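I set out to look up selected features of this structure and to record them in order.

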Amino acid sequence: MIKVIVTEQEYKKALHVFDNAEGFECIPAPPEESGLAAKIRETGAKFAIIGINKYCLDLYDAIPEGGVIARFGVGHDGVDKVLAKNRGIHCCNTPGVLDDSVAECAIGLMLSAARHLAACSAGNKAGRWNPCLGIELSGKILAVIGCGNIGKKVAKIAKYGFGMKVVGFDVAKPADSSAIDELTHDFATAVKNADFISFHIPDIPSTRDFINFDRLKMMKHSAILINTARGGILNENALYDALKSGIIAGAALDVFKTEPYSPQNPEKDLRTLDGIIMTPHIGSSTREACERMAKAALRNIELATHGKIKEMNLIIQ
Ligand code: 8YV
């Protein structure tokens with residue numbers, strides 16, 4: 001039996017897979033670094049499947065050389081790749097298996113913002129019958145910032161499902177850009193006429209606080225921003241100021257700098273604003289994606305146990 005420590009939240013998201021994984025003993029553990037490391041040491045496990053917490057020390061001491069840190073998901077901003085490499089630990093993720101779920105979530109947030117669905121539902125439940133006016137998606141312009149697999153799926157649904165015009169922003173030319181009507185390397189050009197702007201870029205040093213006040217000012221006053229990528233790419237204080245002063249009209253956020261959300265500045269609490277939808281990082285939280293992520297993470301570990309390191313979804317630094 002291969003012992004694998006799985007952080008509790010991820011274990012719960014794919015209970016059936018982890019409980020029934022043949023050849024594996026999957027053991028849930030707290031996600032906080034010290035608790036996770038303690039569980040690894042206590043069980044003698046070499047493998048850990050982790051969520052989105054940031055790990056910077058204990059975890060890398062607890063996992064022995066040749067062990068694996070397997071992300072249940074794609075983004076790996078929480079993993080210190082240099083430290084892992086120095087300790088001889090393999091790091092991997094699960095690309096490709098959650099794209100539909102995240103893309104559908106981004107589209108859902110866009111529709112919800114366009115038609116005020118969350119606010120209308122909350123108002124109705126609170127006894128306020130306020131059939132407020134929204135806008136159609138059909139014929140509107142969507143800027144997709146980051147045209148990787150998820151961005152391209154969003155573009156496809158928006159263009160072929162809703163009849164939107166899609167402008168893509170990326171530093172590289174995407175392999176298949178058939179759903180992208182116009183591609184640019186210039187952010188200002190991408191957002192200048194956009195009604196909706198959906199972000200699909202990773203949180204890496206060069207994209208940290210990418211959405212700052214200057215870039216928000218490049219958007220139309222009526223623009224709605226959607227972020228299902230990472231909280232690290234958005235300066236939340238700048239967004240607060242932009243929404244408060246009408247620089248842009250709205251935002252729908254699934255990811256935050258600190259999760260669970262807590263404001264970066266107590267005086268700039270996004271929860272106090274009307275024009276904002278905030279969901280608790282549920283982009284990939286579908287039964288289907290979670291099952292696939294769990295299976296992909298376990299497969300990566302199985303490959304490692306057979307020495308097939310090159311076949312793993314290794315995280316390239
Ligand atoms: C998390 C994500 O991995 O894949 C990513 O980068 O942000 C998420 O899908 C997942 O929610 C962890 O349980």
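The entries below begin with the basis of the model and then turn to its parts.

I note that this is a predicted model, in which local features need pLDDT of at least 70, side-chain atom pairs count only at pLDDT 80 or more, and totals for chains, interfaces and linings use all residues. Residues are numbered from 1 along each chain as its sequence is written, and side-chain values use heavy atoms, with hydrogens and water left out.

**Sheet.** I looked up an open sheet of five strands, ordered S2-S1-S3-S4-S5 with parallel pairing. Strands (E, at least two residues) and helices (H or I, at least four) are DSSP runs, numbered from the N terminus; two strands pair if DSSP finds at least two bridges between them. S2 (24-29) and S5 (90-92) are the edge strands, each pairing on one side only. S4 (residues 68-71) pairs with S5 over three bridges in the parallel sense, and Ala70 stands opposite Cys92 in S5.

**Ser112.** I found Ser112 in helix H6 (residues 99-115). Ser112 counts as buried because its relative accessibility is 10% (buried is under 20% relative accessible area, exposed over 50%, partly exposed in between, with a 1.4 Å probe and protein chains only). Leaving aside neighbours within four places in sequence, Ser112 is in contact (heavy atoms within 4.5 Å) with Leu117, Ala118 and Ile277.

**Loops.** I recorded a cis peptide bond between Glu259 and Pro260, with omega about -5 degrees. Pro260 lies in the loop between S11 (250-253) and S12 (276-278). His281, not a glycine, has a positive phi of about 45 degrees, and is found in the loop between S12 and H12 (287-305).
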